[in-house]
Amino acid sequence: MQLKWTAVALAAMVLVACGKKEEPAPAPASAPAAAAPAAAPAGETVTVRIGHVGPTSGPIAHLGKDNELGARMAIEELNAAGFKIGDKTAKFELLAEDDAADPKQGTSVAQKLVDSKVHGVVGHLNSGTTIPASKIYSDAGIPQISPSATNPKYTRQGFKTAFRVVADDVHLGSTLGKYAVGELAGKSVAVIDDRTAYGQGVAEEFEKAVKAANGNLIGHEFTTDKSTDFNAILTKLKAGKPDVLFYGGMDAVAGPMLRQAKQLGLTVKFMGGDGICTNELSKLAGDAMADSQVVCAEAGGVDGDLKPGLDKFKADFQTKYNVDVKLYAPYVYDAVKVLATAMQKAGSPEPEKYLPELAKIEYKGITGNIAFDEKGDIKNGALTLYTYKGGQREQLAVVR
């Protein structure tokens with residue numbers, strides 16, 4: 001059969017041979033192609049930067065890391081929940097810094113956070129770093145919540161940006177001083193402090209309470225937060241035959257001090273504030289700490305119907321990070337949530353907009369009801385008294 005090729009067919013074959021496809025004829029004008037559906041707009045988000053500062057290096061790094069993990073846990077929960085601020089989903093970012101418990105480093109990282117335009121800060125851990133850093137945050141108008149600084153000066157500087165979620169040294173030191181004379185029947189009380197803002201502050205409040213209860217103070221000696229040899233001051237105090245020894249400082253020094261006191265044959269009830277009141281103390285002191293010898297107080301604490309919530313937090317924390325809560329992680333966790341709640345109430349993460357809401361906040365956290373007085377101190381702050389038995393911390397009482 002003979003084939004006849006038209007000019008059009010021949011042209012099409014040439015195009016295919018060149019690797020090109022014949023374009024379909026355009027649709028008639030009377031039948032336009034349907035427009036593609038518009039993509040649904042993605043939900044708007046707002047980035048919220050939360051700063052956290054604590055000593056994640058140095059002798060008390062275990063406490064700084066504990067605090068930082070509390071902040072991370074809160075941040076991750078807020079993001080997972082799709083937390084809303086106004087009509088936007090908040091994306092929280094944690095900017096974590098190490099102050100090494102050093103005031104100079106503390107102010108340096110505080111300025112770094114200000115320059116990074118954080119919307120709020122949780123920290124610092126120590127009073128000695130919290131107090132100088134607080135002026136930097138105040139000058140920048142950035143709200144700061146300390147989860148653990150107890151020196152009264154922090155909230156007595158007149159800064160509208162300074163808040164704390166634990167009781168201060170006036171409450172802590174005075175409660176321990178009364179307990180030393182009343183419950184422990186201390187006849188001769190000796191005091192040592194590490195000269196930091198925290199250690200000196202809590203020791204002074206303890207002394208006032210002992211004197212007010214007609215207790216007998218037989219001496220007050222000083223060390224530093226980096227010292228390792230306490231034989232000279234312990235020997236000096238031993239001459240006064242104390243039955244109670246109070247130490248204003250942190251567990252990293254208290255543990256070795258207990259060891260050296262035992263070596264010197266100094267048999268005393270050993271007391272301290274929240275700085276020594278950790279599970280690490282028994283490890284640091286080893287067999288130098290007898291059952292019920294140590295009495296300490298944590299600035300904070302829950303009982304009654306709040307206890308199951310805190311217990312659950314501690315269990316979840318252990319599961320998530322494979323470490324136990326050391327001390328103040330729950331208070332850091334609550335502080336982050338308080339900042340977020342104030343932002344939500346204001347409909348904005350901008351400090352000048354949510355600061356008024358923060359000042360009047362009423363928040364039910366895992367550590368209790370959180371509301372601040374006119375100075376920024378927590379209202380009706382609790383203290384928890386502990387002792388140690390078999391190397392484990394054991395609760396004595398929660399007092400307010």
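Two strands are taken to pair if DSSP finds at least two bridges between them. In the predicted model described here, pairing of this kind gives an open sheet of seven strands in the order E8-E7-E9-E10-E11-E14-E15, and the pairing is mixed. Strand E8 (217-222) and strand E15 (392-399) form the edges, each pairing on one side only. With direction ignored, neighbouring strands of the sheet are turned by 20° against each other on average. Within the sheet, strand E10 (residues 269-272) and strand E11 run parallel and are joined by three bridges. Met-271 has Val-295 as its bridge partner in E11.

The chain as a whole contains 12 helices and 15 strands. Of its 400 residues, 52% count as buried. The accessible surface of the chain amounts to about 18,600 Å², with 53% of this area belonging to carbon and sulfur atoms. Among contacts in the chain with a separation of 6 or more, 69% are accounted for by residues 24 or more positions apart.

In soluble globular proteins, nonpolar side chains tend to be buried together. In the present model, the largest nonpolar core comprises 73 residues, and those with the most contacts inside it are Ile-50, Phe-92, Phe-206, Met-271 and Leu-358. Helix H11 (residues 329-346) gives the most to this core, contributing 11 residues. Another core, of 25 residues, lies apart from the largest one and includes Met-257, Leu-281, Ala-285 and Met-289. As for the surroundings of Leu-358, its contacts beyond four places in sequence are Pro-143, Ile-145, Phe-163, Val-338, Leu-339, Ala-342 and Phe-372. Met-271, also listed among the residues with the most contacts inside the largest core, is the residue of the sheet whose bridge partner in E11 is Val-295.

Gln-293 counts as buried because its relative accessibility is 13%, and buried means under 20%. When residues up to four places away in sequence are not counted, Gln-293 touches Leu-258, Val-268, Lys-269, Phe-270, Ala-288 and Thr-387.

Notes
Residues are numbered from 1 along each chain as its sequence is written. This is a predicted model: local features need pLDDT of at least 70, side-chain atom pairs count only at pLDDT 80 or more; totals for chains, interfaces and linings use all residues. Side-chain values use heavy atoms; hydrogens and water are left out. Helices (H or I, at least four residues) and strands (E, at least two) are DSSP runs, numbered from the N terminus. Buried means under 20% relative accessible area, exposed over 50%, partly exposed in between (1.4 Å probe, protein chains only). Contact means heavy atoms within 4.5 Å. Accessible areas come from the Shrake-Rupley method with a 1.4 Å probe; for residues, only the protein chains shown count as cover. A nonpolar core is a set of buried Ala, Val, Leu, Ile, Met, Phe, Trp, Tyr and Cys residues joined through side-chain atoms within 4.5 Å. Axes are lines fitted to C-alpha atoms, for helices over the stretch in contact, and angles run from 0 to 180 degrees between N-to-C directions.
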